[in-house]
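Thanks for coming. Please have a look at the structure on the screen before I start.

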Amino acid sequence: MPRLLWIGSPFFSNELVSCGWEVARHNFENPAVYGWDDLVQVAGFVPDVLVVADKSRAPFVLGMEDYPCLTVFYSVDSHIHSWQPFYAQGFDAALISLRDHLERFVGTFLSREYVWWSPAFAWSEDAPRADIAKDVDCLFVGSMTADLPRRKAFLTALGKEVSGLVVTRGAYRELYTHAHVLLNHCEHGDLNFRVFEAMGCGGCLVTPRIGHGLTDLFTEGKHMFCYAPDTADGLATDGTTVQPDVSVHEAAAHIRFLLAHPEVARRTGLEALAAVNAGHRAIHRAQAFSRKMQALLPHTRAITTRRRGLAAAIRESSLRLLYLHWAEQVGNTVLREAYLEAACGRFRTSSGIMREPKA
């Protein structure tokens, strides 16, 4: 049975066990960086495959360009982290959540053949609740903080057109079942998890008509209703002054129609749930990933030998400036020193141990 270490946000790592992997997971919260010896210690074995999964923070695995196992970088937040394509050059393969960003990850050291689309998904726990009455017209569950100004402007404007709109935060699975219509907003035009989570809960979703494969995975008018995404010049970015925007009017029109035709809303939710159950849950992403990795395992020696032979070039061309950037950005002294050393091809882990790259 092949062994896999998954470090970072768990995503579909639990489901890999049913795909025939021995899996060790390490999801950490305190700022840290990890080298090869650290990872072997964390796993409790020498992995055949290492997955470094996006935590929307600075790089936390260093020296991967010289690791002896197959390595995969899993990017989810490439819409807000422009450094990720450079970091990915140090890996054998990359999973990319946002389809329109695939080409960004193709580079001198990472070919298109090993850049794979793996869209977001519904979790196994996402499910309808028939025991809770629907007592909310339209619901948005999510953050509305200062770093999301377009969302605040959009929801404020929409609330003036849809009196039954409720905006809240909390346990979305329980909250979703209360609403006749579920609303999504994408601050950065990303195909976010909320799309899949809402559908996985059997909700009737109104969501922006973004790219990244949304309308290839699902059909407008059958699985969801879409509105034009808000634009920078259509809504004020400071969250205080709202200008008329087609996205607000289109979203409002969909919501009013669905509230006036509850049978359509109910049918849309059922169609969405069926589509998610058929191909867009965590197990489906795990199975697709497993098939790709199982195909690579017999070629491990050739793949890793090639990457390790290019390790110095990868560090110089793709990673050096990236690590120098993070050395300036992080406030943690240990991490700052680790990035500075990594920029020079030396690796200091969170424990303070310095490791030179292998010859």
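I will go through ring pairs, then charges over rings, then salt bridges.

This is a predicted model, in which local features need pLDDT of at least 70, side-chain atom pairs count only at pLDDT 80 or more, and totals for chains, interfaces and linings use all residues. Residues are numbered from 1 along each chain as its sequence is written, and side-chain values use heavy atoms, with hydrogens and water left out.

Rings first. The structure holds 23 aromatic pairs. Rings of Phe, Tyr and Trp (its six-membered ring) pair if their centres lie within 6.5 Å; planes under 30 degrees apart are stacked, over 60 edge-to-face, and the rest tilted. Phenylalanine 12 and phenylalanine 121 make an edge-to-face pair, 6.2 Å centre to centre with 65 degrees between the planes. Phenylalanine 12 is in the loop between strands S1 (3–8) and S2 (22–26), and phenylalanine 121 is in the loop between strands S6 (115–117) and S7 (136–141), so this pair ties together parts 109 residues apart in sequence. Helices (H or I, at least four residues) and strands (E, at least two) are DSSP runs, numbered from the N terminus.

Buried means under 20% relative accessible area, exposed over 50%, and partly exposed in between (1.4 Å probe, protein chains only). Both rings belong to a cluster linked by ring pairs: Trp6, Phe11, Phe12, Tyr74, Phe121, Trp123, Phe193 and Phe289.

Next, charges over rings, meaning NZ of Lys or CZ of Arg within 6 Å of the ring centre and within 35 degrees of the ring normal. Lysine 55 lies over the face of phenylalanine 28, at 5.2 Å from the ring centre. Arginine 99 lies over the face of tryptophan 117, at 5.2 Å from the ring centre.

Arginine 99 also forms a salt bridge with aspartate 216, the closest N and O atoms being 2.8 Å apart. A salt bridge is a side-chain nitrogen of Lys or Arg within 4 Å of a carboxyl oxygen of Asp or Glu, and the count comes to 15. Arginine 99 is partly exposed at 30%, while aspartate 216 is exposed at 55%.

Last, arginine 315 forms a salt bridge with glutamate 65, the closest N and O atoms being 3.2 Å apart. Arginine 315 lies in helix H11 (residues 311–329) and glutamate 65 in the loop between strands S3 (49–53) and S4 (70–75), so the pair ties together parts 250 residues apart in sequence. Arginine 315 is buried at 13%, and glutamate 65 is buried at 0%.
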